[in-house]
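Visitor: I'm new to looking at protein models. Could you walk me through how to read one?

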Amino acid sequence: MNADPRDGDSRHVGRALERLEDERFLRGEGCFVADFVRPDVCHAVVVRSPVAAGRLRAIDTRAALALPGVLAVLTHADLARSGAGDRTIPIRVGALEGLERFLQPPLAHERVRYVGEPLAMVLAEDPYVAEDAADLVSAGIEPDDPVVTIADALEGARLAHPEVGTNVAAHHVAARGDADAAFARAEYTRRERFTCHRHSSVPLETRGLVAEWDAGAATLRVWGATKAPFFARRTLAAMLALEERQVEQIELDVGGSFGARGEFYPEDLLVPFAAMRIGRPVKWIEDRRENLIAMNHSREMTCELEIAARRDGTILALRGSLAADLGAYTRTTGGIVPAKAASFLPGPYAIEHVAIDVRAVVTNKTPCGTCRGPGRYEANFFRERLIDLMCADLALDPAEVRLRNLVPRDRMPYPTGRLVPYEAPGAYDSGDYPAVCREALERIGYAQLQARRGRLDEGRLHGVGIACFVDSSGGGPPEQARVRALGRGRFRLDSGASSSGQGQRTTYAQILADVLGVEPSAIDVHLGSTTGLSRGVGTFHGRGIVMGGSAVQRAGEAFVERLLDEAVRRSGESRSTLAFRAGDVVRHADASVVLSMEALVAARDAGDADAAALLDIEASHAQAGATFEYGTQVAHVAIDPGTWEIEVVRFLTVEDCGRVINPLVVHGQVIGASVQGLGGTLLEEFRYDEHGQMTSGSFADYLLPTSTDFPNVEGYSADHAPSPLNPLGAKGVGEGATGGVGGAIANAVADALRSYGICIVDLPITPDRLSALVRAARS
Amino acid sequence: MKQPIAIAVEVNGERVEASVEPRLTLADFLRTHLRLTGTHLGCEHGVCGACTILLDGQAARACLLFAAQCDGHRITTIEGLSPRKGLSALQQCFRRHHALQCGFCTPGMVVAAHALLEETPHPTRAQIEDAISGNLCRCTGYIPIVDAIDDAARGAPP
């Protein structure tokens, strides 16, 4: 497939072009929200609940207000007086029935439900003074016993929302086929209980916003938007009773998202509200401790899963139940995590019968949202681990069993049924799943490693683990792009998609450059703001290239088509004799110009409305269903049986993301996603004590991977199957390689320790946990 | 409020005199007072390294220093390590190897890498990994960053 259907030219798409945005960042000239200034700006600090559960009796702001330089302290009473007191933050996607009972108010009133819940916002002339004042705000809270664990929540002896009467926020069954009948006749079954621990995206830049009410234009401007800026505009306008056209959400440079950034949080209302209230621009920059207790957590889930198979390892059915912790409130991402976990439990395998009972529960902990590969990481761990336990029981080779069960190429598109209540029935679009698995096994040298598995080699035990994954991307609402000619051979592209570092300033320019026949450097790319085009969506669920890139392709094609039509109209010549060349319409025969872009630009600049319309076009890409990237990950680990230190000797991913726009960017996504998965599996955890206090509230406690932790990570792109669902043939690539890491590493560790009689069913995997498992097995 | 302190520091080769609150961090002094916003703040507790600067030529964390402590000292920030136009050889290697995605950790990484190569022009891969082990990157998985620094070192004169 080519980017330019007219002449088959694909000079830029597919090339490892160095990124156009890099120079600014490398020179320290990025403009992140903390770098952004407005005249007369004042500074906000959020006062947060120090206890996990309790009745909020009063908030005393007098001492804070008495501090010189303090301008105001806003509480729920201020929201109530403005008429916004009853408004809660809505669900953006994943609205499982029942979740709407647990929405979050921007500021707590009557009850607090987690440590970190916003109670008040201090505004001061200086950020240091604002922090001083925040310390002086005292909240009278009568503490209650909190609901801390998923087990507490399911037991229901205490309630996170007593007025609702249950901790089970949503409950559904995800099923296809007839699992019980398949289990009844199966030669082999096994049931196991798994847990996945709480961790999350933790981007390196904390959140932040700058908001300004322009009274003259009656317009509210908010800088710091990303991910879903159009939803943020809609939500903010509704909560403040403004028209959507009165709100601008503007994206600056963004220091990573990985799911958690860019959702509509309490602060996304509070900062603009404060700016309107005080009549001055307001800036809020989250600190790290605050970030770790206030930004969405994710991944905490328990799962009881049972597999039914033939003795040869052919998987017949999966059934079981899972429960995901939503934390204290339903956030904008609703029930995505539990719903997608259930739907991805069958993974890339042809498993006909599935029945999963799904519960989303509320607790008194930080609310949860999505994190790179939401629900997939958890589900892949549960399933891949269970497959290896089955292989051990039946004395089968884990690689052979996977190859036997992966959806074969000739069954594509493979219908997956209706496993997600808020989505239509789906299908895996294309791919050769066994081929990528075989490639991964070859690359790791699976056959050669056999002799070392479970054996001591120079004092360490070696193990190999495999995980196969599939992950959805795109679909959902259409994405929009707008192309404008600027003159002097330059073009401006606005996309409704946003960027948090994925490189779309380059990849979009590559796509459009091929359509227009210009260099990528001739295109200025603007992303993720509501100001540049009439509508848009954003970047999440692998939409960046699949939806955003396809919209760029379509807008470029529409731009070209319109100019060709105009040239035919003006010249009376046949369309087939004309061609589009870098802005001009020329005759094929002698390259003479029929319609000159510079002449149109001059006419537009002189006020010609027809010329202006010709040089400015918006188009959208709609896609019926999701595309599915897929791959196999293999881990080789070595474990010191004295210290239980785990070294990842090698970790590799072979992944097919359809058509590759920029191999450098794709490789970067796969490596980065893998290391994030390794951090989540081996290092990172939001731990809580019995009082609901988070005990990993700094980077000394919440351990992110460093440069010395995982130096041997490899990523390879396979190219078996472009997606048939979009003009680029593209699939997502950002999330898949996080998804299988927990399963692959857990399987490798279990393989290394096979002689110890332990069963690894819980994440994270740390030296102290391994040591405890071995001690328990010995006693 | 404590009395302001008069300081004189050399920042990127230029002498700067200022009157600062005792508690003002060097990072905030650079970012807010001098508008040198390439020095980023990722944690403000000395772990992430996004605020790495050179203090008298040695890599240091601007979030753990007070501006007042730097009186009489020489500070170099990412702005001071960048050529007037374009990119230094080290910065070009970062771009070539796709050693940045969101770009937030990047200035601190470049400063830390610069400090390493000043002291150890031909480091081993392990030395590079060690030298940037105090700088967190959430996007790249570090491997492209190590590749970039390795490449820059190979281009250095023997």
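**How two helices cross**

Guide: Let's begin with a pair of helices in this predicted model: helices H15(A) and H16(A) cross in a right-handed way.

Visitor: Which residues in H15(A) and H16(A) meet?

Guide: From H15(A), look for Tyr508(A), Ile511(A), Leu512(A) and Val515(A), among others. Over on H16(A), the partners include Gly544(A), Gly548(A), Gly549(A), Val552(A) and Gly556(A). Sorted by class, the contact has eight nonpolar, seven polar and one charged residues.

Visitor: Now zoom out for me. How many residues of chain A are in contact with chain B?

Guide: When two chains touch, you can count the residues on each side. Here 44 residues of chain A are in contact with 44 residues of chain B. Then ask which elements contribute. On chain A's side, helix H1 (22-26) and helix H19 (663-682) are the elements that give two or more residues. H19(A) has the largest share, seven residues.

Visitor: And what classes do the residues on that side of chain A divide into?

Guide: There are 18 nonpolar, 15 polar and 11 charged residues on the side of chain A that touches chain B.

Visitor: What ipTM does the predictor give the complex?

Guide: The ipTM is 0.98, and alongside it comes a pTM of 0.97.

Visitor: Which domains does chain B have?

Guide: The domain assignment gives domain 1 (5-81) and domain 2 (89-154) in chain B. To place them, check how far apart their C-alpha centres lie, which is 21 Å. Then look at the contact: 15 residues of domain 1 of chain B are in contact with 12 residues of domain 2 of chain B. On the domain 1 side, strand S3 (52-55), strand S4 (58-61) and helix H2 (78-81) of chain B each supply at least two residues. S3(B) gives the most, with three residues.

Conventions: Residues are numbered from 1 along each chain as its sequence is written. Chains are lettered from A and ligands numbered from 1 in the order in which they are written. This is a predicted model: local features need pLDDT of at least 70, side-chain atom pairs count only at pLDDT 80 or more; totals for chains, interfaces and linings use all residues. Two residues are in contact if their C-beta atoms, placed from the backbone, lie within 7 Å. Helices (H or I, at least four residues) and strands (E, at least two) are DSSP runs, numbered from the N terminus. Ala, Val, Leu, Ile, Met, Phe, Trp, Tyr, Cys and Pro count as nonpolar, Asp, Glu, Lys and Arg as charged, and the others, Gly among them, as polar. A crossing is left-handed if the near helix is turned anticlockwise from the far one by less than a right angle, and right-handed if clockwise. Domain bounds come from an automatic or database domain assignment.
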